[in-house]
Amino acid sequence: MSSFYRVDGKPGWVHALVPDGAIANPMRDSYGHAFVLLALAWYYRLTREAQILDLIDNTIRFLDEALASPHGGYRDAEPAPDAIRRQNPHMHQLEAYLVLYEAIGGDDYRQHSLQLFKLFATRFFQPDGNAMRIFNRATFTAARQNRRHRRARTPLRMGLAAAPAAAVD
């Protein structure tokens with residue numbers, strides 16, 4: 001797997017390869033990086049192969065340096081296909097950081113998890129309608145695609161109510 005990181009000599013994971021390994025789409029996107037990070041987290045958790053930690057660290061460094069937004073969270077891609085900021089990559093990054101924290105521990109994974117949860121609690125979750133805002137502008141204000149919110153299910157509402165106060169303060 002490490003041969004696909006920086007496959008074109010630039011940091012990060014390209015969006016798509018063709019079967020022979022050539023680059024089909026060189027874009028770096030937070031959604032793809034979230035799933036790479038989740039896969040690496042689970043791979044490490046199951047195998048404890050130390051060399052995977054370098055790939056994990058490099059992937060996090062890329063996210064934090066190349067895709068981080070001054071408004072919190074991450075931009076969707078580099079180069080950006082549009083001005084929309086999506087909730088979905090953040091949700092999957094949160095999953096990855098939780099697995100990393102369970103598998104490795106460490107305050108860095110915990111802090112990333114808390115920052116992403118805070119973003120969920122303050123920007124994505126809409127308590128007035130028990131809905132989750134999926135599409136956002138760069139500043140995390142609602143984008144036009146939000147005509148229909150996803151209704152939050154009971155466990156989501158219960159999870160938010162049971163969240164430690166420090167996570168949302």
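Isoleucine 23 is partly exposed, because its relative accessibility is 36% (buried is under 20% relative accessible area, exposed over 50%, partly exposed in between; 1.4 Å probe, protein chains only). Isoleucine 23 belongs to strand E2, residues 23-25 (strands are DSSP E runs of at least two residues, helices H or I runs of at least four, numbered from the N terminus).

The model is predicted: local features need pLDDT of at least 70, side-chain atom pairs count only at pLDDT 80 or more, and totals for chains, interfaces and linings use all residues. Residues are numbered from 1 along each chain as its sequence is written, and side-chain values use heavy atoms, without hydrogens and water.

## Nonpolar cores

The largest nonpolar core has 24 residues, and Leu37, Leu40, Ile56, Ile60, Tyr97 and Leu100 touch the most other members (a core is a set of buried Ala, Val, Leu, Ile, Met, Phe, Trp, Tyr and Cys residues joined through side-chain atoms within 4.5 Å). Two or more residues come from each of helices H1 (30-47), H2 (52-67), H3 (88-104) and H4 (107-124). H2 gives the most, seven residues.

A second, separate core of nine residues includes Ala121, Phe124, Phe125 and Phe140.

## Aromatic pairs

There are three aromatic pairs (ring centres of Phe, Tyr and Trp, its six-membered ring, within 6.5 Å; planes under 30 degrees apart are stacked, over 60 edge-to-face, the rest tilted). Tyrosine 31 and phenylalanine 35 are edge-to-face, because their planes stand at 65 degrees, with centres 5.0 Å apart. Both lie in helix H1, four residues apart.

Phenylalanine 117 and phenylalanine 120 form a tilted pair, with centres 5.8 Å apart and planes at 45 degrees.
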